[in-house]
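User: I want to learn how to read the disulfides in a model. Can you take me through them step by step?

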Amino acid sequence: LLFPLLTQALRRCYSCRSRGEKGDCRDTFMRPKTPVPGLPVESHTKFVDELPCSTGWCSKIMEGVDKNFGDDDYGIATERQCMSRAPSDLKERCAYVKRFHKQVFMCFCKGDLCNGGQGVQSSWVVMVVAVLSFL
């Protein structure tokens, strides 16, 4: 009886941005270690946050998926965040979209920390493979 209430109360998203294979936000995504309660977090060491999300909708945006970079360190920029609004049709999905005048690959999902690489993200893998097979 309490379990549905607890899962509804947990509405968080990973929040981070990085570029290239060495970034903390990239795929394969590594969930941040849980800090020990009471111990201070050293500044500039935590690059991935688990932030509350009022909408419950999270996104993962990959910029540069459609490009070939000669320098792997530059590579694909990956951003994970809370969405300020739910999609109008309330459906989870991935697609190429225009964002700030750039073509990006964006996935959005509903659920606690769903933009981290498991659960709905398994459908992200299917979508990425499907999209890449058409390129």
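Analyst: Start with one link. With a torsion of 90° about the S-S bond, the disulfide of Cys109 and Cys114 is right-handed. Its sulfurs lie 2.0 Å apart. Both Cys109 and Cys114 are buried. Keep in mind that this is a predicted model.

User: What is a disulfide in general?

Analyst: A disulfide is a covalent bond between the sulfur atoms of two cysteines. In a model, the call rests on distance: the two sulfurs must be within 2.5 Å. By this rule, the structure has five disulfides.

User: Which hand does the link of Cys13 and Cys58 have?

Analyst: The link of Cys13 and Cys58 is left-handed, with -85° about the S-S bond. The pair ties distant parts of the chain: Cys13 sits in strand S1 (residues 12-19), Cys58 in strand S3 (residues 57-63), and they are 45 residues apart. The S to S distance is 1.9 Å.

User: Why is Cys58 called buried?

Analyst: Buried means under 20% relative accessible area. Cys58 has 0%, so Cys58 is buried. Cys13, at 2%, is buried too.

User: Why is the disulfide of Cys94 and Cys107 right-handed?

Analyst: The torsion about its S-S bond is about 115°, so the disulfide of Cys94 and Cys107 is right-handed. It links Cys94 in strand S5 (residues 93-99) to Cys107 in strand S6 (residues 102-110), 13 residues apart. The sulfurs are 2.1 Å apart. Cys94 and Cys107 are both buried.

User: What is the pairing of the bonded cysteines in sequence order?

Analyst: Numbered along the chain, the bonded cysteines pair 1-5, 2-3, 4-6, 7-8, 9-10.

Conventions:
Residues numbered from 1 in each chain as written. Predicted model: local features only at pLDDT ≥ 70, side-chain atom pairs only at ≥ 80, totals over all residues. Heavy atoms only, no water. Helix = DSSP H or I, 4+ residues; strand = E, 2+ residues; numbered from the N terminus. Buried < 20%, exposed > 50% of the residue type's maximum accessible area, 1.4 Å probe, protein only.
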